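Subject: Structure for you to look at

Hello,

Please find below the structure I said I would pass on. My notes on what was found in it come after.

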Amino acid sequence: MNAVETIFIKLIKNMINLQREDFKGVTLSSNEQKELYLLSKKHDLSHLIAVAGRQFALFTEKEVAEKFERDYLMSIMRYEQINYEYGEIIEVFKNKQIKFVPLKGAVIRDYYIEPWHRTSCDIDILIQEEDLERAVKNLIELKGYKKEGKTNYHDISLYSSNVHLELHFNILENIKSIDKLLARVWDYCHLKKNETFEYCQTNEYFLFHLIAHLLYHFLRGGCGVRPIIDIWLVHQKMDINEVILQEMLEECGIALFYKRILELANVWFCDQKSSIIIEQMGDYIFSGGVYGNFENRMKVVSNNIEDRKKYISRRIFAPYETMKHRYPILKKRKWLLPFYEVVRWVDTIFKGRAKNLKREVKAIDSNSEEKNHFKNFLRNVGLEGVE
């Protein structure tokens with residue numbers, strides 16, 4: 001970590017941990033303050049850094065201080081909007097007798113010192129696939145939600161005036177090794193106490209799902225710092241049966257990856273001794289930000305490609321399992337797949353995404369030394385062969 005990244009992690013530690021860092025006598029140059037803001041924004045944690053930095057009077061640059069203050073206020077407003085809409089959504093589901101499971105942020109925020117400390121860009125809720133059409137219809141008619149975009153392989157997007165709802169009908173991640181367990185999500189859900197239609201995941205499965213979702217983003221260019229905080233807090237504060245969790249991780253071949261994530265979290269938040277592997281892992285996460293970046297993504301893709309032509313073909317011709325969710329008519333009329341492949345191409349061209357394939361083909365032709373270096377990295381973090 002460089003100096004700004006070190007300050008960034010120490011400030012986060014102050015906001016999630018009872019162990020307090022001492023910033024007395026610490027001053028940041030104008031450039032360091034600007035870099036800290038950009039880094040915080042990149043990882044959607046500027047609201048936390050705003051509060052921690054204010055405590056130690058670190059932001060002497062007026063422009064930087066104003067940006068941090070704006071993000072702090074926006075995060076509170078965003079939390080209130082999402083919290084209100086979440087209440088409206090589950091009211092509909094309960095009244096219409098639709099079983100549902102809150103996912104990710106709706107549960108995790110209770111483990112932060114203040115719920116608004118855990119920002120979310122959207123609301124994630126799981127329902128059963130047979131209830132999807134009815135749920136969407138009621139949210140549109142009763143709460144004014146609007147459907148936007150195509151249905152993808154695991155959710156459908158709905159929007160109110162202020163909030164994005166990802167309504168999941170499964171929690172698959174399109175990664176074979178973990179999808180076999182993610183496909184059985186309802187086997188690991190039980191009714192919440194004193195509820196009739198609200199379910200929750202078992203503690204071990206909830207944590208497994210967080211790891212699986214982090215893994216998905218990690219393999220697509222980066223996951224950001226926030227999921228590391230989430231997993232560390234859940235591991236610290238939720239009652240987890242480690243034997244059961246370990247069985248899940250081993251079944252999916254990601255036990256070493258979870259171990260590395262915990263090692264990274266303990267280096268960042270508990271002052272444990274670091275290692276070359278953990279430093280490399282941290283650098284990868286810092287560079288990628290919340291949504292990852294193209295360079296990191298293509299390192300992963302290039303590492304997994306054995307046949308260049310097959311990769312290009314797979315990118316041009318999407319598999320049926322993906323297409324049937326994007327175009328639901330294919331579930332009943334699979335023979336229409338070639339026609340909808342053409343529809344997808346036209347859509348891709350008109351939205352300017354065709355150039356991405358050209359960039360990808362160029363990126364996968366990186367030299368063998370770079371590929372071997374990254375292959376060793378993936379092996380060391382427990383992700384060799386996971387795609």
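A salt bridge is a side-chain nitrogen of Lys or Arg within 4 Å of a carboxyl oxygen of Asp or Glu. Side chains of opposite charge can pair when their charged atoms come close. Please keep in mind throughout that this is a predicted model.

**Salt bridges**

By that rule, the model holds 19 salt bridges. I will go through a few of them.

Start with Lys67 and Glu63, whose side chains form a salt bridge with an N to O distance of 3.6 Å. Why are these two residues about one helical turn from each other? Lys67 and Glu63 are both in helix 4 and lie four residues apart, which means a separation of about one helical turn. An α-helix has 3.6 residues a turn, so residues three or four places apart point the same way. Lys67 is partly exposed, at 29% relative accessible area, and Glu63 is also partly exposed, at 47%.

Arg54 and Glu69 make another salt bridge, in which the closest N and O atoms are 3.1 Å apart. Arg54 has a relative accessible area of 42% and is partly exposed. Glu69 is partly exposed as well, with a value of 33%.

A further salt bridge joins Glu198 to Lys192, at 3.5 Å from N to O. Is Glu198 buried or exposed? Glu198 counts as buried, with a relative accessibility of 6%, while Lys192 is partly exposed at 40%. Both belong to one network, in which salt bridges with shared partners connect Lys94, Lys192, Glu195 and Glu198.

**The sheet and the helices across it**

The model has an open sheet of five strands, in the order 1-2-5-4-3 and with mixed pairing. Strand 1 (100-102) and strand 3 (146-147) are at the edges; each has a single partner strand, so one side of each has no neighbour in the sheet. The partner I can describe is strand 4 (residues 155-159), which pairs with strand 3 in the antiparallel sense over two bridges. Lys146 is opposite Tyr159 of strand 4.

Two helices to look at here are helix 4 and helix 6. Helix 4 lies across strand 1, strand 2 (123-127) and strand 5 (164-168), and runs at about 15° to strand 2. Helix 6 (residues 132-143) lies across strand 2, strand 4 and strand 5, and its angle to strand 5 is about 160°.

The loop between strand 2 and helix 6 contains Gln128. Gln128 is buried, with a relative accessible area of 19%. Which residues does Gln128 touch, leaving out those up to four places away in sequence? They are Lys99 and Trp186.

**Cysteines**

How many disulfides are there? The count is zero. Take Cys200 as a case: its sulfur is 7.6 Å from the closest cysteine sulfur, that of Cys189, which is too far for a bond. Cys200 is partly exposed at 24% relative accessible area, and Cys121 is partly exposed at 38%.

Helix 1 (residues 3-16) has 14 residues, which should span 20 Å at 1.5 Å a residue; its end C-alpha atoms are 20 Å apart, in agreement. Helix 1 is mostly covered, with 11 of its 14 residues buried. Among them are Val4, Ile7, Phe8, Leu11 and Met15, but also Glu5, Lys13 and Asn14. What covers the buried residues of helix 1? The cover includes helix 2 (30-42), helix 3, helix 9 (226-237), helix 11 (255-270) and helix 12.

Helix 12 (residues 276-288) has 13 residues and reaches 18 Å from its first C-alpha to its last, close to the 18 Å expected at 1.5 Å a residue. Its buried residues are Ile278, Met281, Gly282, Tyr284, Ile285, Phe286 and Gly288. After helix 12 comes Gly289, which has a positive phi, near 70°.

Regards

How values were computed
Residues numbered from 1 in each chain as written. Predicted model: local features only at pLDDT ≥ 70, side-chain atom pairs only at ≥ 80, totals over all residues. Heavy atoms only, no water. Buried < 20%, exposed > 50% of the residue type's maximum accessible area, 1.4 Å probe, protein only. Pairing = 2+ DSSP bridges. Contact = heavy atoms within 4.5 Å. Axes fitted to C-alpha atoms, helices over the stretch in contact; angles between N-to-C directions. Disulfide = S-S within 2.5 Å. Expected span 1.5 Å × (residues − 1).
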